[in-house]
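Thanks for coming, everyone. I'll walk you through one structure today. Please put it up on the screen.

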Amino acid sequence: MLIDGLSLLALAVVLGAVVYYVFFRDVRLARRMKPLAEILDAGTARLEGGRLTGRYSGKSVRFEYRAQTRGNPAAMRIGVACAASFSFRIHKKAESLQPGERAYLENEKGSPGLQTFYSGDPLWDSELALAADCEASFRRWINRPDVHETLSGIVLRPLTTILLCEEGALCAVYPGASAEAVFQSSFARDALDELAALGETLA
């Protein structure tokens, strides 16, 4: 009975610690997400776990935060609804990434059905990896001068590692230390404006 009692006590302590950790982790995350909720259209913000959804200037948007775990860096994904007819993924090549960013890419499962290819732009092809489910449509889109310039500004700068379009949303992913920048409302607002404007070119 003594062993059983000690085992039950140990189990209770472990369960209590887990509940405490999960509760306060969620409370802390809700507090950190508050500035992001405040930039969304009034009355639309909904926070569930690490996912904040709502509307921004009438568009459906989401912020998805994944906390750091052993072997996986923290990451923040911002998504804005768009009407794209194809899916794609653009990210810096592994040799251009910080270790945390590289670890994120290695652990992230890519969208099925995407084919990789070169753009023909020497800078892009030296720095970026491109994939899409419809190369012809994607090439027409990225070769538009306004789109090409905007994409370069988003993907090649230090903070953005992945730009992808899937399941009706255009998303930017910020892994590692860059995930923390998104919790600043001014940064998040600029990112939403940028993604919303780029998403309009996919309609």
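Where is H148 found? Look in helix α5, which covers residues 145-155. One caution before we go on: this is a predicted model.

Buried or exposed, how does H148 count? H148 counts as buried, because its relative accessibility is 18% and the cut-off for buried is under 20%. Now set aside its neighbours within four places in sequence. H148 is then in contact with D121, W124 and I142.

Let's step back to the whole chain. The secondary structure comes to six helices and nine strands. The protein chain has 203 residues, and 40% of them count as buried. Its accessible surface is about 11100 Å². Carbon and sulfur atoms account for 57% of that surface. Now the contacts. Take those between residues at least 6 apart in sequence: 59% of them join residues at least 24 apart.

Next, the strands. Find β4, residues 75-81. Why call β4 largely enclosed by the rest of the structure? Because six of its seven residues are buried. It has a partner in β3, residues 59-66. Those two strands run antiparallel, joined by six bridges. Strand β4 also pairs with β9, residues 169-175. That pairing is antiparallel too, over seven bridges.

Zoom in on V80. This residue of β4 is the bridge partner of V61. V80 also stands opposite L170 in β9.

Now follow the chain out of β9. The loop between β9 and α6 holds G176. With a relative accessible area of 16%, G176 is buried. Leaving aside neighbours within four places in sequence, it is in contact with P73 and A74. Look at that second partner. G176 and A74 are 102 residues apart along the chain. Yet their C-alpha atoms are separated by 5.2 Å.

On to the cores. The largest nonpolar core has 47 residues. Which of them touch the most other members? They are F63, F88, F138, W141 and L163. Helix α6, residues 185-200, gives the most to this core, with seven residues. There is also a second, separate core of five residues. Among them are I162, L164, A169 and C171.

Last topic: the cysteines. A disulfide is a covalent bond between the sulfur atoms of two cysteines. The cut-off is within 2.5 Å. C171 has its closest cysteine sulfur in C165 as well, at 7.6 Å, so that pair is also too far for a bond.

And how covered are these two? C82 counts as buried, at 16% relative accessibility. C171 counts as buried at 0%.

That's the tour. Let's take questions.

How values were computed. Residues are numbered from 1 along each chain as its sequence is written. This is a predicted model: local features need pLDDT of at least 70, side-chain atom pairs count only at pLDDT 80 or more; totals for chains, interfaces and linings use all residues. Side-chain values use heavy atoms; hydrogens and water are left out. Buried means under 20% relative accessible area, exposed over 50%, partly exposed in between (1.4 Å probe, protein chains only). Helices (H or I, at least four residues) and strands (E, at least two) are DSSP runs, numbered from the N terminus. Two strands pair if DSSP finds at least two bridges between them. A nonpolar core is a set of buried Ala, Val, Leu, Ile, Met, Phe, Trp, Tyr and Cys residues joined through side-chain atoms within 4.5 Å. Contact means heavy atoms within 4.5 Å. Accessible areas come from the Shrake-Rupley method with a 1.4 Å probe; for residues, only the protein chains shown count as cover.
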